[in-house]
There are 2 protein chains.
Amino acid sequence: MSQEDFDKLLAFFKVMGNENRLKIAGLLAEREHTVSELADLLDLREPTVSEHLAMMKEIDLVRVRPEGTRRVYSFNAKSLYAMNKDLLSRDKLAALVRSKPEDEEQRILQTYIREGRLTQIPVGRKKLLTILKFLSEQFEFDVRYPEKRVNEMLKQFHEDYATLRRELVDFHYLEREKGIYWRVEREGGLE
Amino acid sequence: MSQEDFDKLLAFFKVMGNENRLKIAGLLAEREHTVSELADLLDLREPTVSEHLAMMKEIDLVRVRPEGTRRVYSFNAKSLYAMNKDLLSRDKLAALVRSKPEDEEQRILQTYIREGRLTQIPVGRKKLLTILKFLSEQFEFDVRYPEKRVNEMLKQFHEDYATLRRELVDFHYLEREKGIYWRVEREGGLE
DNA sequence: TACCTAATTAGCTATATTTGTAAATAGCCT
DNA sequence: AGGCTATTTACAAATATAGCTAATTAGGTA
């Protein structure tokens, strides 16, 4: 994400992160309004509303149309749509910094898994997470696994199944309660 | 959109509308970090970062995992996507304040139209727009009406057809050129 | 236990934001 | 032109936010 994109996104959040401006956006999304109408509806003075509208116009969130001595403000849906699409998309946010995670994960897995067995349990956090993610994928969602079964499954990959099991829980790939384990969607990180 | 949704959206914008918090979001989207790492990267003190993270946690934008004496923060992508999907659409924003507009329009029409005639031409903008919308619906799209015909049609509703005609044009329910009128889709307003 | 490190909480200050009043501007009407 | 209205601009007051240092809490370790 470029500096420009960052600034644009920040400006957008700043503008919308104000109660009255968000209300104005709502009112304008419904239908166009003049400054004094908005002032009435929001119980604010005209200059205040005018100021808010100027900020919203700055980022192209609203449009103005003069009508005699009034100014009719309308919501620029396109702007919101573009923002939504371009800046808030999964890709953009992810691309923020991610550098081909799949490739790197593949490389790590190839390094540590030979003939279906873990050659060693990596120490580096990133490597460990990749391995744990792979192991967690051996489990299905919505299935309850007794500890014994978990151990058996993990022993396939490494003698020290207890460490693997503990790490899987510690890093929230598995949840545990009363000796029963189940897979959960690990959030954040190298998902 | 409920008050709850409004508050949620507002809180989200408020949190993301700060330069350092937005940077933190970017850094955490890349990979998880501890408080002091972030403080280093952003050139801020730990308490400041801690405070920012607390705000982000409040709206479930980040997750924490204790690791010894550190706390490892990670980005909760799900939260962002949910926000993006559920709350940022135009419909949602519009619904922000809409209180059954159809009902209200019906109420206004019933107030001002008796036995097929306008009892008076309302002054309030909202009421006026509702009446004008109703009147505009007497005209068909893609039909060219000479002024004389427009006057006749409007006279059915009120003696002061000239005012109605002018308002219909002023508020862009009708377009006029060289004495010929035609109905257009009014944009923005009470469509 | 005592000590160390990391993080959070508390309390304070500087800055930014929001809002209001008063004055200036712009369009319309007589 | 002069008056009227809606809006914007200028500027000041009040409030909110962001940042700091210092103190406290929590976990790890000798």
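Analyst: Let's start with a term we'll need: two strands pair if DSSP finds at least two bridges between them. Keep in mind that this is a predicted model.

User: Which residue is the bridge partner of B:Val62 in β3(B)?

Analyst: Strand β2 of chain B covers residues 62–67. This strand and β3(B) pair in the antiparallel sense, over six bridges. Within β3(B), the bridge partner of B:Val62 is B:Phe75.

User: In the hairpin of β2(B) and β3(B), which residue takes a positive phi?

Analyst: The hairpin has two residues between its strands. The phi in question is near 65 degrees, and the residue that takes it is B:Gly68.

User: Moving on to the DNA, which element gives the most to the surface near DNA strand D?

Analyst: There are 20 residues around DNA strand D, and A:Thr34, A:Ser36, A:Pro47, A:Ser50 and B:Thr48 come nearest. The elements that give two or more residues to this surface are α3 (35–42), α4 (46–58) and β3 (70–75) of chain A, plus α4 (46–58) of chain B. With six residues, the top contributor is α4(A).

User: And which element gives the largest share of the surface near DNA strand C?

Analyst: Around DNA strand C there are 21 residues, with A:Asn18, B:Thr34, B:Ser36, B:Pro47 and B:Ser50 coming nearest. Two or more residues each come from α4 of chain A and from α3 (35–42), α4 and β3 (70–75) of chain B. The largest share is six residues, and it comes from α4(B).

User: How many charged residues are in the surface near DNA strand C?

Analyst: Sorting that surface by residue type gives six nonpolar and nine polar residues. For DNA strand C, the charged count is six.

User: Is A:Lys148 buried or exposed?

Analyst: A:Lys148 sits in helix α9 of chain A, residues 147–155. It has 9 other C-beta atoms within 10 Å. The cut-off for the exposed class is 12 or fewer, so A:Lys148 is exposed.

User: How far apart in space are A:Lys148 and A:Tyr181?

Analyst: In sequence, A:Lys148 and A:Tyr181 are 33 residues apart. Going C-alpha to C-alpha, their separation in space is 10.0 Å.

User: Last one: what percentage of the residues in chain A is buried?

Analyst: Chain A contains 10 helices and eight strands. Its length is 191 residues, and the buried ones make up 25%.

Key. Residues numbered from 1 in each chain as written. Chains lettered and ligands numbered in written order. Predicted model: local features only at pLDDT ≥ 70, side-chain atom pairs only at ≥ 80, totals over all residues. Near = placed C-beta within 6 Å. Helix = DSSP H or I, 4+ residues; strand = E, 2+ residues; numbered from the N terminus. Nonpolar A, V, L, I, M, F, W, Y, C, P; charged D, E, K, R; others polar. Buried ≥ 20, exposed ≤ 12 C-beta atoms within 10 Å, placed from the backbone.
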